[in-house]
Amino acid sequence: MGHQSLLVVGRKRSQGQDNVVGLVPERFSHAWFPYQLIVELERRSGIQAMGYWMFKQWWGNSHKRWDIVHFHNVHSSYFDLGVLPEIARTIPIVQTLHDCWQFTGHCASPKECQRWRAGCGDCPNLSAYPAIQADRTRFNWHRKQRIYLRAKPVLVTPSEWLRSLVQQSLLKHLRCELIHNGVDIQRFRQSDRRGVQQKLGLPVEKKVLLYVANGGLKVALNRDPELALNSLRRLVVDSGRSDVILVAVGGQAGLPQDLAPHVIQRDFLRDGVESYYQAADVYLHPTRADNFSLAILEAMACGLPVVTTDVGGCGEQVLDGQTGYVVSMGDVEAFAKATARLLDGESETMGKKAAERAKAEFSLSKMAVNYLALYQELIAEA
């Protein structure tokens with residue numbers, strides 16, 4: 001859109017991009033061992049996002065006058081949260097929350113735990129991502145409260161679900177806007193399903209269920225592959241259907257003997273995943289925790305109806321009975337029935353509505369326009 005931007009990230013994986021700066025020291029450089037020491041201290045002490053000097057050092061050496069600093073995920077061992085008030089003194093700050101970490105004592109997804117409402121402490125699950133060994137959750141919670149009271153960033157959440165939690169948390173005094181995630185609808189779009197199936201080597205005589213996750217059908221963070229597999233068993237083993245295949249993209253996993261003939265597994269793809277959405281009939285998104293899933297948006301943009309679980313913002317993305325179905329978490333019977341209904345005649349109509357909704361509400365360009373409007377407002381106020 002014609003504006004200059006710079007990405008300052010933990011680990012830079014791209015090559016030759018001048019607009020991306022990586023903060024984590026290169027392996028075995030003079031700064032690598034001090035960095036590793038802080039990572040280990042964080043894990044053992046339980047005190048998070050403290051002591052990482054890299055961003056503050058880069059900021060001090062950066063002489064460009066930026067109009068906006070927009071923070072995203074800062075809990076991956078590369079950022080000191082205490083820097084926020086210092087930056088906020090001179091430049092407007094926006095922070096998009098992609099999970100709950102900003103208002104908990106250590107975890108990104110508290111699930112049923114409610115201790116984040118009143119200060120954490122006595123944490124029942126220190127192993128939850130990002131894991132710690134010592135329970136310093138009350139210290140972390142109060143430190144975040146002090147930092148955000150001073151910094152006062154404008155918060156953004158991609159889902160109404162997460163915004164409602166923010167309004168009950170230590171961040172409730174801050175302005176919080178809703179801006180949905182977006183996807184590239186030029187890349188993720190409908191195509192000739194059978195033709196794409198042939199190119200990918202998928203059986204064109206089958207109806208294709210798609211499951212996409214980092215790790216595939218292995219037990220994954222917050223995903224529920226067991227729900228997908230148990231639902232498939234209801235469809236093809238218990239009901240005797242022979243016209244269904246599950247394609248799992250993202251990795252290889254061991255499969256139960258009775259389901260192995262009905263599953264095709266493909267490794268993780270950095271590019272080209274849109275072809276699998278275009279080849280499928282229904283997208284399955286069983287999950288235990290989610291904010292506003294990009295995978296759901298990608299599937300919808302490619303004209304797929306979605307079956308998902310009623311957690312986080314999934315029910316905001318998938319309109320139950322219109323662009324797919326939303327069922328209770330872990331409900332195998334409901335998940336299988338919803339999938340069968342789509343396979344037996346509803347997939348085309350709902351898939352068309354899903355594509356229309358993605359194009360109208362969840363495009364990358366619309367997300368950019370909404371963020372730019374917020375930036376311009378804050379710059380004018382400053």
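How much space lies in the largest cavity? In this predicted model, the largest cavity holds about 40 Å³ of space, and the count of cavities of 30 Å³ or more comes to one. Its lining is made up of Gln48, Ala49, Leu81, Trp101, Asn140, Arg143 and Lys144, a set that divides into three nonpolar, two polar and two charged residues. Two of these lining residues, Trp101 and Lys144, also meet in another way, for Lys144 lies over the face of Trp101 at 3.7 Å from the ring centre. A further lysine is placed over a tryptophan ring elsewhere, with Lys64 over the face of Trp66 at 5.3 Å from the ring centre.

In one of them, the ring centres of Phe71 and Phe79 are 5.3 Å apart and the planes stand at 55°, so the pair counts as tilted. Phe71 is buried, with a relative accessible area of 6%, and Phe79 is likewise buried, at 2% relative accessibility.

Another pair joins Phe188 and Tyr277, whose ring centres lie 6.0 Å apart with planes at 70°, an angle over 60 degrees, so this pair is edge-to-face. Because Phe188 sits in the loop between strand 6 (176-178) and helix 6 (193-200), while Tyr277 belongs to helix 8 (residues 273-279), the pair ties together parts that are 89 residues apart in sequence. Both Phe188 and Tyr277 are buried.

Phe71 and Phe79, for their part, belong to one aromatic cluster that also includes Phe55, Trp58, Trp59 and Tyr78.

Key
Residues are numbered from 1 along each chain as its sequence is written. This is a predicted model: local features need pLDDT of at least 70, side-chain atom pairs count only at pLDDT 80 or more; totals for chains, interfaces and linings use all residues. Side-chain values use heavy atoms; hydrogens and water are left out. On a 1 Å grid over the protein atoms alone, a cavity is a set of points where a 1.4 Å probe fits but cannot get out, and a pocket is an open set with protein on both sides within 12 Å along at least five of seven lines; lining residues have an atom within 4 Å of a point. Grid points are joined across faces, edges and corners, and a volume is the space filled by probe spheres set on the points. Ala, Val, Leu, Ile, Met, Phe, Trp, Tyr, Cys and Pro count as nonpolar, Asp, Glu, Lys and Arg as charged, and the others, Gly among them, as polar. Rings of Phe, Tyr and Trp (its six-membered ring) pair if their centres lie within 6.5 Å; planes under 30 degrees apart count as stacked, over 60 as edge-to-face and the rest as tilted. Buried means under 20% relative accessible area, exposed over 50%, partly exposed in between (1.4 Å probe, protein chains only). Helices (H or I, at least four residues) and strands (E, at least two) are DSSP runs, numbered from the N terminus. A charge sits over a ring if NZ of Lys or CZ of Arg is within 6 Å of the ring centre and within 35 degrees of the ring normal.
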